[in-house]
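Here is a short briefing on one protein chain. Look over the sequence and the structure before reading on.

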Amino acid sequence: VLFDGNQGPRGSFTDRAEPNTKLVREAQKMLAGLGFFRGTFSGRMDVWTSNAIRDFERHRGIPLSGRLTEQTLLELITYSGQPIRLSQD
């Protein structure tokens with residue numbers, strides 16, 4: 001649903017992804033596993049998460065945003081080789 005532009009709420013992918021605490025927490029875990037994040041898995045887009053994303057983007061040679069863009073998330077999944085599982089808690 002997050003990648004289908006015809007479904008779900010309108011707005012940019014980033015504006016829909018960043019409030020999703022489960023998605024952000026999974027991204028934080030992936031970034032930590034790759035050595036880019038050293039914070040608490042809060043599920044919030046805080047300064048530590050933004051800096052880790054920016055460092056990852058720089059490492060991978062993709063545009064620097066410091067945000068959870070579709071391109072950055074797809075690159076994170078591809079580079080880590082890990083899927084993002086958003087289980088129901």
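Is W48 buried or exposed? W48 is exposed, because its relative accessible area is 56%, and the cut-off for exposed is over 50%. The model is a predicted one.

**Overall fold**
- The protein has 4 helices and 0 strands.
- Along the sequence, the order of elements is α-α-α-α.
- The protein has 89 residues, and 33% of them count as buried.
- Taking contacts between residues at least 6 apart in sequence, 37% join residues that are at least 24 apart.

**The residue W48**
- W48 is part of helix α3.
- F36 is 12 residues away from W48 in sequence. In space, the C-alpha to C-alpha distance between W48 and F36 is 9.6 Å.

**The largest nonpolar core**
- This core contains 16 residues, and the members that touch the most others are L23, L31, L68, L73 and L76.
- Two or more core residues come from each of α1 (13-17), α2 (21-33), α3 (47-60) and α4 (70-80).
- The element that gives the most to this core is α2, with 5 residues.

**Helices α2 and α3**
- The axes of α2 and α3 are 11 Å apart, and the two helices pack at an angle of about 55°.
- α2 and α3 are therefore oblique to each other, since an angle counts as roughly perpendicular from 65 to 115 degrees and as roughly parallel under 35 degrees.
- α2 and α3 cross in a left-handed way.
- On the α2 side, V24, Q28 and L31 take part in the meeting, and on the α3 side T49, A52, I53 and F56 do.
- By type, the residues of this contact between α2 and α3 are 5 nonpolar and 2 polar, with no charged ones.

**Helices α2 and α4**
- The axes of α2 and α4 cross at roughly 45° and come within 11 Å.
- The relation of α2 to α4 is therefore oblique.
- α2 passes α4 with left-handed crossing geometry.
- From α2, the contact uses L23, A27, M30 and L31, and from α4 it uses L73, L76, I77 and S80.
- The contact of α2 with α4 consists of 7 nonpolar residues and 1 polar residue, with no charged residues.
- Among the residues of this contact, L23, L31, L73 and L76 are also listed with the core members that touch the most other members.

**Helices α3 and α4**
- The axes of α3 and α4 cross at roughly 70° and come within 11 Å.
- That angle makes α3 roughly perpendicular to α4, because the range for this label is 65 to 115 degrees.
- The crossing in which α3 passes α4 is left-handed.
- I53, F56, E57, H59 and R60 of α3 make the contact with T72, E75, L76 and Y79 of α4.
- The residues of the contact of α3 with α4 are 4 nonpolar, 2 polar and 3 charged.

How values were computed. Residues numbered from 1 in each chain as written. Predicted model: local features only at pLDDT ≥ 70, side-chain atom pairs only at ≥ 80, totals over all residues. Heavy atoms only, no water. Core = buried A, V, L, I, M, F, W, Y, C linked by side-chain atoms within 4.5 Å. Buried < 20%, exposed > 50% of the residue type's maximum accessible area, 1.4 Å probe, protein only. Axes fitted to C-alpha atoms, helices over the stretch in contact; angles between N-to-C directions. Parallel < 35°, antiparallel > 145°, perpendicular 65-115°, else oblique. Left-handed = near helix turned anticlockwise from the far one by under 90°. Contact = heavy atoms within 4.5 Å. Nonpolar A, V, L, I, M, F, W, Y, C, P; charged D, E, K, R; others polar.
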